Amino acid sequence: MLTEGAVRASDKRAQFVGAEAYEEAGGVILRDLFQSDEGGWWQDVGLLDRLVADKLAREADAIRTEGWHWVEAMPEFPYGHSYGMRRLQGEAEPFTEAQMATRQALQTEYDALEVSCKGLDEIPEETDQRLAEIETAFAAFEKRPLVYDADEVARAGAFVSIDGSGNLRIERGFVRPEDEPQVEAPEPETGVNGAEADD
């Protein structure tokens, strides 16, 4: 009964805010001393929702500085929220020389570790962990920011929400139909006497 109406610590909103920020704001977390409770239950749902809204608003403000025409923020958007909008096609930000050097160094280390494990029945735990860290770094390189045309950014927008793991989710580059550039209809051609020309 004590947990009725409370939010589990595994809830994506709780993961997004973090226990430290929640407790600093006066929130109470009920924990079970005898059973696994996945981090307990957060008792003040209203406080949690307020902290979520405040953090999302700050993140949205940061996205606005990129020049987007509009930014919408909420914990979760309904299915099909971007229906009818055009999605901009951005290009991946080019690597800097420092990033290229770092990536090459990681690739060299990765290859060397794989060679050192060749023929082993079991990969040492320390080596396996380092390989996983390098793979994570490679994934980050592939997820670098996209660059968009400035004129398109000025008429497009972004959605800011929370993904299933409690991480910030940003969907950039959506153009609403009403923000599409207007194309003026060509004026009809006229004949010598001002009448419209025949086809």
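How many helices and strands does the secondary structure of the protein chain come to? The count is 6 helices and 9 strands. Helices (H or I, at least four residues) and strands (E, at least two) are DSSP runs, numbered from the N terminus.

## Basis of the model

This is a predicted model: local features need pLDDT of at least 70, side-chain atom pairs count only at pLDDT 80 or more, and totals for chains, interfaces and linings use all residues. Residues are numbered from 1 along each chain as its sequence is written, and side-chain values use heavy atoms, with hydrogens and water left out.

## Chain totals

The protein chain has 199 residues, of which 26% count as buried. Buried means under 20% relative accessible area, exposed over 50%, and partly exposed in between (1.4 Å probe, protein chains only).

Contact means heavy atoms within 4.5 Å. Take the contacts in the protein chain with a separation of 6 or more: residues 24 or more positions apart account for 67% of them.

Two strands pair if DSSP finds at least two bridges between them.

E4 and E8 pair in the parallel sense over 4 bridges. Here alanine 73 stands opposite valine 160 in E8. E8 and E9 (residues 168-175) run antiparallel and are joined by 6 bridges. Serine 161 stands opposite arginine 169 in E9, and glycine 157 stands opposite phenylalanine 174 in E9. E8 and E9 form a hairpin with 5 residues between them. Glycine 166, in the turn, has a positive phi of about 90 degrees.

## Cover on strand E8

E8 is mostly covered, with 6 of its 6 residues buried. Gly157, Phe159 and Ser161 point one way from the strand. Ala158, Val160 and Ile162 point the other way.

## Aromatic pairs

A pair of aromatic rings is described by the distance of the centres and the angle of the planes. Rings of Phe, Tyr and Trp (its six-membered ring) pair if their centres lie within 6.5 Å; planes under 30 degrees apart count as stacked, over 60 as edge-to-face and the rest as tilted. By this rule there are 6 aromatic pairs. Tryptophan 70 and phenylalanine 159 are edge-to-face, because their ring centres are 5.1 Å apart and their planes stand at 70 degrees. Tryptophan 70 lies in strand E4 (residues 70-73) and phenylalanine 159 in strand E8 (residues 157-162), so the pair ties together parts that are 89 residues apart in sequence. Both tryptophan 70 and phenylalanine 159 are buried.

Phenylalanine 77 also forms an edge-to-face pair with phenylalanine 159, at 5.0 Å centre to centre and 70 degrees between the planes. Phenylalanine 77 lies in the loop between E4 and strand E5 (86-87) and phenylalanine 159 in E8, so this pair ties together parts that are 82 residues apart in sequence. The relative accessible area is 12% for phenylalanine 77 and 1% for phenylalanine 159. Trp70, Phe77, Phe159 and Phe174 form one aromatic cluster.

## Charges over rings

A charge sits over a ring if NZ of Lys or CZ of Arg is within 6 Å of the ring centre and within 35 degrees of the ring normal. The charged end of arginine 176 sits over the ring of tryptophan 70, 3.9 Å from its centre. Lysine 55 lies over the face of phenylalanine 16, at 4.5 Å from the ring centre.

## Nonpolar cores

A nonpolar core is a set of buried Ala, Val, Leu, Ile, Met, Phe, Trp, Tyr and Cys residues joined through side-chain atoms within 4.5 Å. The largest has 25 residues. Those with the most contacts inside it are Val17, Tyr22, Trp42, Leu48, Val52 and Trp68. Helix H1 (12-17), H3 and E8 each supply at least two residues of this core. H3 gives the most, with 7 residues. Valine 17 touches Tyr22, Leu48, Leu51 and Val52, not counting residues up to four places away in sequence.

A second, separate core has 7 residues, including Leu106, Leu113, Ile134 and Phe141. Threonine 127 lies in helix H5 (residues 125-142). Threonine 127 is buried, with a relative accessible area of 15%. Its contacts include Leu113 and Cys117, not counting residues up to four places away in sequence.
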